[in-house]
Amino acid sequence: MSTARAAKRLAQAAAFGGGGLGLIGATLYGVLTAEARYAKRVIGPMKAHPAKGDGLYGRYPGHPITLAMIGDSSAAGYGTASPDETPGVLLACGLAELAKRPVRLVDVSKVGAKSTDLAPQIDTALLSGPHVAAILIGVNDVKSQMPPSTSVRLLDAAVRRLRAANCEVVVGTCPDLGVVRPIMPPLRQVARSWSRRLAAAQTIAVVEAGGRSVSMGSLLNEAFRTDPRMFGPDRFHPSVTGYAAAAAALLPSVAAAVGVGPESFVHPEPFRGEAVLPIAEAAVQAVRTAGTEVAAAEVAGRERGPRGRWAQLRHRRRHPKPEVERIDEAVSAQAGADGTGDRGPDAGKSMAGSPS
C-alpha cells in the first residue's frame, strides 16, 4: 500500500472510530511501543518543567493578537532554561514583528501531554479568546500505546473545537522518530516509516477540520541527524537550537493564518515546488519536504475533486530569529488610556478573518 493511501485510510479510520492498527500492523506498533519504553528508561525521568512565558510581547500599538500554545513537551519547551527560549515566546515575538502589533501568549501546553490531554488544554485556552493556536502533539501517544487512529481522531476534534470558536489553527505534525538516538537500528528505520505515516494522516485530518499543518519531521530530520546541538542533554528532547528551528518553521504559517506578513496573500509559486494537489498526495509530499505547510484550497471554485479535497502545498520563507521583548501590561494599558497606543480609527480592530 502506498504511503498516501495508508495515510488516507488511517485518517478515515479515525473519522469513523476505527481501530487503525491494521494500517500500520499491530506487530509493528507493538515493537515501536516497546522500543519507546526502552528509550524512556535510557532518557530517564524529567527533572524540571519549563517556566511559562505567558504575557504580552512586542512594543507596538494596536489591539493584541492572542496566540495559544497547546501540546506536549515540544510545545512547552522542556529543557529550556528561560521562558525566552520556549517555542511559544519565540512565536509570539516573531508574530509581533510581522504584524507590527502586540501579541498576547497564552501557553497551556504541558510536559508529558498526550492527545487525550488536548480537550482540557483547549478548555483553558478558549477562555482567553485566542485568534490563533499552535499545536505540537503526538510523540507521547506512541509511548503510551495509543492507537494511531485514536490519536488522529482526538487531534481532529481539537482543531474543530478551535475553528468553531473562530480561532485559526496551525499544527506541527508528528516528528521523525527515526532521528531519536536512544532508538537503535533497525527499529529506527521502522520508527521513521511509522511516524511519517502518522504525520501524513494528521495532515489530512487537520486540513479537513479547517486548520493548517506544518511538517516538523522532515524539517528537523537532517538537522537532528547531523547536528548534535539540536538535541538536549537527554538525547530525546530538542535543545534550545532545536526549539528555535521548530518555531521558525511554524511562524510563517501562523502569520499567514491570521493574515499578516509578506506572504499572507501570495498564491502558490510553482517554481518553488508549491502546488495545489489532492490532499493525500499533498500530505505525503509534505512529510518528505522540509517545513512544508498544507492548507485547504479550491480549484475552479470547488473544494473537492475526483480524488478528494484540494490542498495547497507551501514552502513558506522563514524569518530571522526575533528579539524577545516582553511588555509590562500595566504600562501598555496606561499608554492606551493616554492615547499613545492608538493607531487611529482601526486600532481596535483585529486582523481580517479573526475575532476582535
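Buried here means under 20% relative accessible area, exposed means over 50%, and partly exposed is in between, using a 1.4 Å probe and protein chains only. Helices (H or I, at least four residues) and strands (E, at least two) are DSSP runs, numbered from the N terminus.

This is a predicted model, so to speak of local features I need pLDDT of at least 70, and side-chain atom pairs count only at pLDDT 80 or more, while totals for chains, interfaces and linings use all residues. Residues are numbered from 1 along each chain as its sequence is written, and side-chain values use heavy atoms, with hydrogens and water left out.

I start with strand β4, residues 132–136. Five of its five residues are buried, so β4 is largely enclosed by the rest of the structure. On one side sit Val 132, Ala 134 and Leu 136, on the other Ala 133 and Ile 135.

Now the pairing, where two strands pair if DSSP finds at least two bridges between them. β4 pairs in the parallel sense with β2 (residues 65–71) over five bridges, and Ala 134 is the bridge partner of Met 69. β4 also pairs in the parallel sense with β5 (residues 168–172), over five bridges; there Val 169 partners Ala 133.

Next, salt bridges: a side-chain nitrogen of Lys or Arg within 4 Å of a carboxyl oxygen of Asp or Glu. The structure holds 15. One of them joins Asp 123 and Arg 161, 2.7 Å from N to O. Asp 123 lies in helix α5 and Arg 161 in helix α7, so the pair ties together parts 38 residues apart in sequence.

Which residue forms a salt bridge with Glu 293? Arg 316 does, with the closest N and O atoms 2.6 Å apart. Both Arg 316 and Glu 293 are buried.
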